[in-house]
Amino acid sequence: MDALVLHRIHFAFTITYHYLFPQLTMGLALLIVTFKTIAIRRKDERYNEAARFWAKIFAINFLIGVVTGIPMEFQFGTNWSQFSRTTGGVIGQPVAMEGVFSFFLESAFLGLFLFGEKRLSPWKHWAAAFLVFVGSWISGFFIIVANAWMQHPVAYRVLPNGVYEVTSFRGLLTNPWALLQYAHNMSGAVITAAFVMCSVGAFYVLENRFPDHGKIFLRIGVIAGVIACVTQIFPTGDLHGRFMARHQPAAVAAMEGLFSSQKGAPIVLIGQPNEERQSIDNPIAVNDVLSFLIYGTTKAEVKGLDQFPRDQWPAPLPLLFYSYHIMAGLGTYFALIMAIAAFLLWRGKLFQNRYVLWPLLLSFPLPYIANTAGWMTAEIGRQPWVVYGLIRTSEGYSKYVSSGNSLFTLLGFMGIYTVLSILFIVLVYRIIDTGPAISGLPPVPKSMPITVA
Amino acid sequence: MGFIWFWLVAIMLVAYVVLDGFDLGVGILHPFLARNEQERRLMLRSIGPVWDGNEVWLVAAGGTLYFAFPLLYASAFSGFYLALMIVLWLLILRGISVELRMHINAGVWKSFFDGLFVFSSILLAVFYGAALANVIRGVPLQEDGYFFLPLWTNWRAGVQPGILDWYTVMGGVIALVALAMHGALYLAVKTEADLQERSRTAARRLWALLLALTIVSLPASMIARADTLTNYRAYPIAFLVPVLVLLALLGIVQFCRKGNDRKAFGCSCVYLTVMLVGAAIGLYPRLLPSTTGSQYDITIEKALSGPHALHVGLAWWGLGMCLAFTYFVIVYRMFRGKVSLEGEGYGH
């Protein structure tokens, strides 16, 4: 297989797998801080029990996020050495800052948060949880800054030896692309956590096991979920889309499957892009909507792919089209189900309504798919550039690392990550099956008496 | 600027080796020192609260290397591709073995993760030692600043070596012994009674081996790389390094005999630091020497990032290190003293 393709799949696989975990970490950290805050302010012990329960899942999720995250930082150098060599003076900056400002913070306070509850006062323990939350959200910011520079390079210059250097540190950190993407991404992370929490809550309520805690999970999950789902579409998704239309028009044309420029461009809801015939097969489309979404008027002209030379089309184009449509479709579903759930919660009817609890129980995998699809939209949309408009992806990979070596390590990662997945599912299932330990009753023994060998 | 960043990266790597070094040492010794389930748990508990933070030094050093010396980061990471990937896999296995063991109370489950812990710790120590030896020996750099090394070729440290040859394997063995001793001394500080006694005995035995290996390492380095001592001859003050190495080694065995475990462990930290500093002095101003001719050496000057990036970096790096230092003080203070199985611990 072609070395370039393998290096791309290598990065795509490891980053996709990795990001399954931080999205829950970041979202859940916020919800755990919420539990801790309510527990202290209302002096309600059930919220502390809820926080403790989710902290157990958080711990395992965080661990898998850490161990799969370290390879990411090194892969810039191992598989994308030409890219790292030229852009280290810009991208290296936020990557290093993530380690220095976020990982030290997280690693120090995670332990205190997970195991320090008895040694710390309630507010100090709250602070430990809060600092873990801050650490994880800072980490997200620096990585998005790095990615945003690849999407929309700002504040740089090219030195005589061909390498890039940052010229304005503030400019790099306040890249408009980064701010929009960060807002969109973080609300996506909250959506994942909200749906996972609702799913466990619905499970407990439907099974009538730990129903009190299930209701707390549903209440917090639905409130966080409805806010995040709306934010995800408007303003973050909307603004991001318009900004992208201005700065990456070829990507937007490919996402929407718009092969030829037109006024009153339609939005294609479902269809299959046919690159050979340059059209959409079996389209279900609504006229004028795309023009309106991007420019606010139904008559505006939207640039189609015909405006761009073929070697600047993002590839693989159908995958980009599907990723974008899966993300947008699921995003719409999320807003809908959460709005219904929030309405029922407000009317006090959510916990009896099986027709809403069942979808909430079953929907937890969907935000993972939507977040992954969103990232695939961003990253495939950037193609054929590794740094948009400046460096082509084909000029970025490590040319001395043969495709055979790349495949070897890709398969290695696949094997190890399969094992991690099994361990993760088994351990999280056990936590959910055991349920939250209820204060006042004897706690479920964590470990049996030690046997002396 | 290049001088400053060379030493800043060196400091971060030294911090990583000294801190994660004892985690790895505990892992290497785990099956040999612990005689029962309590002792196995105690050993894990001694590093449970800190291993993750210690590992962050590696990540932070990697990131700093990326932005301060992009050429070195790109060239070395892609050139040592296979070895680095194996290290990443081992780090994954080490991480899960420490943290997942306690979740299910079944003999086979625990034994499985114990085995994984030992396996990954031993190989990590060997690979780190071999990595440093690779950098000292040099690699066959091409004109464009890149290279690619297979895992092994003919085991000779020639112009076209492999990642593993007689010299780098020796480096791996030295690292294995040094980190095992470092871990044993750490355990002597953190544990009590039988386990502490066994740790001290292990440290003393490993010490004798390490002394022999350390003395052999100098002529070996001169065979593998003839110009190892150039900087030392130019700046004779650098000969303090071997003197300090020997003093630290003497300190270890003296304090260990007297039962002053903290000072013995401190001397071990000094030993590791000075060994690494010694290597760095030998390299400077090269970052990665070439076996194909010194004109291809990756030097600080060739690899250094642009001036603005480095100035900005200096500001946040200082701030970040102050914060990191504060966190470490908080965590190590919270968990100072001997470990015991009473209380929640860190769940281990």
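Is F210(A) buried or exposed, going by its C-beta neighbours inside 10 Å? In this predicted model, F210(A) has 24 such neighbours, and that is why it counts as buried. The residue sits in the loop between α6 and α7 of chain A. Its backbone is worth a look too: F210(A) is not a glycine, yet its phi is positive, at about 45°. As a rule, most residues other than glycine have a negative phi, and most peptide bonds are trans.

With 9 other C-beta atoms within 10 Å, A193(B) is exposed, whereas F210(A) is buried.

One runs from F234(A) to P235(A), with omega near 10°, and P235(A) is part of helix α7 (residues 211-247) of chain A. The other joins A315(A) to P316(A), with omega at about -5°. P316(A) is in a loop, the one between β6 (301-302) and α10 (317-347) of chain A.

Chain A contains 13 helices and 8 strands, while chain B comes to 13 helices and 2 strands. Chain B has a radius of gyration of 20 Å, close to the 20 Å that the globule rule gives for 348 residues, so it is as compact as a globular protein of that length. Its C-alpha atoms fill a box of roughly 60 × 40 × 40 Å along the principal axes. The C-alpha trace of chain A spans about 70 × 50 × 40 Å along its principal axes.

Of the 453 residues in chain A, 52% are buried; in chain B, buried residues make up 56% of the 348. In chain A, 73% of the contacts between residues at least 6 apart in sequence join residues at least 24 apart. For chain B, residues 24 or more positions apart account for 76% of the contacts with a separation of 6 or more.

Two helix pairs in chain A show how its helices pack. Helix α1 (residues 3-42) and helix α6 (residues 176-207) of chain A meet at an angle of about 75°, and their axes are 7 Å apart. At that angle, α1(A) is roughly perpendicular to α6(A). From α1(A), the residues making the contact include L24(A), G27(A), L28(A) and L31(A), and from α6(A) they include G188(A), A189(A), A193(A) and V196(A). By class, this contact of α1(A) with α6(A) has 12 nonpolar residues, 4 polar ones and no charged ones.

What is the angle between α2(A) and α3(A)? Helix α2 (residues 45-79) and helix α3 (residues 81-115) of chain A pack at about 160°, with their axes 11 Å apart. An angle over 145 degrees counts as roughly antiparallel, so α2(A) and α3(A) are roughly antiparallel to each other. Their crossing is left-handed. Among the residues that meet here are A55(A), F62(A) and F76(A) of α2(A), and V95(A), L110(A) and F113(A) of α3(A). The contact of α2(A) with α3(A) divides into 8 nonpolar, 3 polar and 1 charged residues.

G116(A) has 18 C-beta neighbours inside 10 Å, so it counts as partly exposed. Setting aside neighbours within four places in sequence, G116(A) is in contact with H125(A) and A128(A). From G116(A) to F76(A) is 40 residues in sequence and 36 Å in space, C-alpha to C-alpha.

Finally, the two chains touch, with 55 residues from chain A and 57 from chain B in the contact. On the chain A side, the elements giving two or more residues are α2, α3, β2 (164-166) and α13 (403-434). The largest share of that side, 23 residues, comes from α3(A). By class, the side of chain A that touches chain B has 31 nonpolar, 19 polar and 5 charged residues.

Definitions and conventions: Residues numbered from 1 in each chain as written. Chains lettered and ligands numbered in written order. Predicted model: local features only at pLDDT ≥ 70, side-chain atom pairs only at ≥ 80, totals over all residues. Axes fitted to C-alpha atoms, helices over the stretch in contact; angles between N-to-C directions. Helix = DSSP H or I, 4+ residues; strand = E, 2+ residues; numbered from the N terminus. Parallel < 35°, antiparallel > 145°, perpendicular 65-115°, else oblique. Left-handed = near helix turned anticlockwise from the far one by under 90°. Contact = placed C-beta atoms within 7 Å. Nonpolar A, V, L, I, M, F, W, Y, C, P; charged D, E, K, R; others polar. Rg over C-alpha atoms; globule rule 2.2 N^0.38 Å. Buried ≥ 20, exposed ≤ 12 C-beta atoms within 10 Å, placed from the backbone.
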